[in-house]
Amino acid sequence: MGAQYLDTGWVGPIFTLLLVAYVLFNIRRAERAGKTGKEVYIRRIAGLNAIDEAVGRATEMGRPVIMVPGLPDFVDAIVVQAMNIFSYVSRIAARFSNPILICCYNASVFTVAQEMIRDVYQQEGAIERYDQDSVRFISDRQFAFAAGVSGLILREQAAATFFLGNFYAESLILAETANSVGAIQVASSTQNTQTPFFIAACDYVLIGDEFYAASAYLTRQPVLVGSLVGQDWAKITVIATVLFGMIANSVQLRGTTTTEKAAAVSDTVTEDRVGTFVTIPERPKTINDTFMHEMLNPIPRIIKYHTDKTDTAPATYERPQKPAPPVPLDAVAPGGTQ
Amino acid sequence: MMDLLAQAAPTDNSPFWSGANGSNALWIGILVAFLLGVGLIFLLIQAPVRARRTIVAFFTFISGGFYVLYYFWPQTIDRQKMDLPRTPLEGVSFWLEDAMPVVSQLTNILAGFLLGLGIYSLWRVHGRKVIKMQKDWIFSFVLLASSILMVVVGYMDWATKQGPDGPKLSEHANWHTINYARDFLFEGFLQQMDAAMFSIIAFFILSAAYRAFRIRSVEATVLLATALIVMLSLMGAVTNAWQGAINHINPSPDAFVQNFSLDTIRSWLTNSVQTPSIRGIDFGIGIGSLAMGLRLWLSLERTGS
Amino acid sequence: MSQAPRSLGDKLQSLPKPALYIVLIILTSIPLFAKVSIPNRPAKASIDFYNLVKNLSADKPILIQTDWTTSTRGESAGEFKSLMRMLMHKHVKFCIYSAGDPQAPQVARDYIDIVNQERKDHGDTPYVGWSDYVVAGYFPSAEAISNSITNNFRTAFQDKKDKNLQGTPTPIFESPVLSNVNKVSDFSAMLIVTGSNTSNVAIERIKHVPLAMMVTGVMGPETQVYYDSGQLKGLVTGLKGLYDMETQMVKDPDFSKEKSLDQGAAYYPTLHIALVLMILAVIIGNVGMFISKRRAA
């Protein structure tokens, strides 16, 4: 039951709960600070400062702004965050009557995007300027999507492009195509492998969690700013853990040891002694002897499965059984006739 | 224990939540669920505007709460088909395990319906372009024509495989014209176009590198130097020549000069610079995703504002 | 008013893209006509992967997750074929499934057939589906199936069927490949051949079995961290990794009959040419920039 966590996986849930506590606590703090008029400092993020400039340039040139919320398989936190930023961009575009185009990879994202952008135009009092076709579903195949969006960028001669979200191999195709038409590009990928491509091809890149800081940076809502502070507290906790682990390992890896935690059954270790300290011939300490390794890789109890046909010992978990389903009246008895 | 959402096999003792394929009970269940769904939507539309946010937040919390519970609740170990839970705690974990595939399928079903909306949007946009012969209408015509062709040919190909001669069609010798047509469109066209689009990246990498790798600042110089080292280390001819030069100075594996072999420098860059950087960014993205998900689950996020 | 003539520096900095692309096409086509053999020093990660596969025993099957399709066939197809050649030579049985793409299982079958044809050509017994390998099919959720594999392999794959020797779809646990497999630790290893980030999902959730991967070049840096930490017992990355595998097979007397040099050897010279061209382009751009700066000064 709860032994599962005590044996193996308690670090993950504990850290998750800690992060939740940090975020909720700081949201509360920020809301209280907001009421007194104080503002929390967020460092400058060049890519986000460039949004106004990009949309303004597009308005001057009379060319559309194209936005792509990545290639998600469903509506997840990354897509919602991308759409939050696109809502901000669309708001500015709506004020300047600049055409926009949002290209969606996933049909569920398409429906969510349509509603969000319609709401934005409504809030700006520009609902008559809202074009239903400004939010489009292109394709749910990766390279068909890339081909479609590239074609749109070339035909529409986009002046500004925003690539924010989950991008994979098609990132460079989209970025280079936008570059070929002279568009200002702001990009961010949550896939580390694609960030270098964006850095090479785009004007402004949001790296890592600058993407998540974007909505707090742009709107300065207390909830978002408080959440950002909570995230920073979590990162400090991670840094502290890494530093502690580095120091602890540096101290503990010196010298030799004559005991170790038995990880498996062997000639000298019986099943009931797995996970306990056993005496061994003296040897130099290894990473497995450190506190950090023990904390992050605890040794689980031996569990006997019912399906272990080669093992004669009884299974670890014996449970009561469901009653057998009633035999249908018209069933054929073995050897009998119906 | 409660069978809510945990769809049992049709032969199990829970006829209310499941029905055998094609049975009257199943059809009645579908009809009742449909009517309930329509009723629910009607009630939502009638709900006062102020209450809508609360209703949406409630359903969001319930939906997300299931996955949160699944993550935190201890999972069952070595559960057998006819097992009953030993304690209420284990009962909840049994229910979660049974309900997870059903809940996951709800997402797939929703995605399936929404795909129809996406396709409708596609047809509307491009159909209007073709009918009114607007700018670049020929591309829209190609899209519509190829989608119709793919659907028709794909369906006919599938239909031929459902008949009694279906298994024979695994051999090319038994193919009909429609099977060849589907193979030509799918394997010959679609797969090759996929591969061609992927290959275009090679050209774009060349032009992006030519444009981006300039010695404009200290950071740009460091970027260029590390990129050069990594590119050179990928070339076997260069690494061999480089290693040959180093071995010419001192061939001993323990010699200090061996630290300057291309593989060693690249390994150092990868292990000591690149890996920690990627790890750091991953931590930030993971924590950011978690915080974002928490805000969405608790409806603290005011989307679109 | 006429524009000032462009200096050499400006011209070098703004070479037309079509010219670059044409040069790339011409130069990378050269290896199609002139076969070049390039010396190679396999990376440690590739050596570890090779040794892991080489030391597999025919007594225990392995589990293979294959998530690649034709879009990444330039790297992944060669990696998969090398792996198949080694496994088939050692008579190691395997179970294949995919968590990334519904087309992946069929693509895997197609390339198994290619390697089988090679075996027939040099007089070896081809691998027979059901007896020597099974294809479990596609699982829509990589996270769910990876969790299930670790928690209870039999439950995870219980509904999966493959065609038996008579061509009838039969539960895969009745196959000789999986009849003695009850949990994931009954496999001697789990190998993942992928071009997407399903490798990360597997790393997060698969336990109790040695894990090794064959990934594309783009996924290399991200996956390298797991090899460095010891979570992966071997890693083959991209075209270089594929060529590492092939060069090791060439030098290994055990694999003298197998077709060792294939895609890696064919494409490696092309990689060299493309990289040299890229380096030249970077140098030309920087030379142009320096000339322009000096002229401006």
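Leaving aside its neighbours within four places in sequence, which residues is Gln81(A) in contact with? Keep that in mind as you set up the view. This is a predicted model, in which local features need pLDDT of at least 70, side-chain atom pairs count only at pLDDT 80 or more, and totals for chains, interfaces and linings use all residues. Residues are numbered from 1 along each chain as its sequence is written, chains are lettered from A and ligands numbered from 1 in the order in which they are written, and side-chain values use heavy atoms, with hydrogens and water left out.

**Stop 1: chain A as a whole**

Select chain A, which has 11 helices and 8 strands. Helices (H or I, at least four residues) and strands (E, at least two) are DSSP runs, numbered from the N terminus. The radius of gyration of chain A is 29 Å, well over the 20 Å that the globule rule gives for 338 residues, so the chain is more spread out than a compact globule. That radius is taken over C-alpha atoms, and the rule is 2.2 Å times the number of residues to the power 0.38. The C-alpha trace spans about 80 × 80 × 45 Å along its principal axes. Of the 338 residues in chain A, 49% are buried (under 20% relative accessible area; exposed is over 50%, partly exposed in between, with a 1.4 Å probe and protein chains only).

**Stop 2: Gln81(A)**

Now pick Gln81(A), in helix α4 of chain A. Its relative accessibility is 0%, so Gln81(A) counts as buried. Here is the answer to the opening question: its contacts are Phe211(A), Tyr212(A), Ala214(A) and Ser215(A), together with Met292(B), Arg295(B) and Glu301(B). Contact means heavy atoms within 4.5 Å.

**Stop 3: across to chain B**

Angles of 65 to 115 degrees count as roughly perpendicular, under 35 as roughly parallel, over 145 as roughly antiparallel and the rest as oblique. Axes are lines fitted to C-alpha atoms, for helices over the stretch in contact, and angles run from 0 to 180 degrees between N-to-C directions. Show Ala77(A), Val80(A), Gln81(A) and Asn84(A), which meet Ser289(B), Met292(B), Gly293(B), Arg295(B) and Leu296(B).

**Stop 4: α3 and α9 in chain A**

Back in chain A, select α3 (residues 46-61) and α9 (residues 210-219), which pack at about 55 degrees with their axes 10 Å apart. α3(A) is therefore oblique to α9(A). Look for Leu48(A), Asn49(A) and Ile51(A) meeting Ala214(A), Tyr217(A) and Leu218(A).

**Stop 5: α10 and α11 in chain C**

Move to chain C, where the axes of α10 (residues 238-251) and α11 (residues 263-296) come within 9 Å and cross at roughly 135 degrees. These helices are therefore oblique to each other. Among the residues making the contact are Leu239(C) and Tyr243(C) of α10(C), and Tyr268(C) and Leu271(C) of α11(C).

**Stop 6: two histidines in chain C**

Finish in the loops. His91(C) lies between α4 (73-89) and β2 (94-98), with phi near 60 degrees, a positive value in a residue other than glycine. His208(C) lies in the loop between α8 (198-205) and β7 (211-215), and its phi is positive too, near 70 degrees. With 52% relative accessibility, His208(C) counts as exposed.
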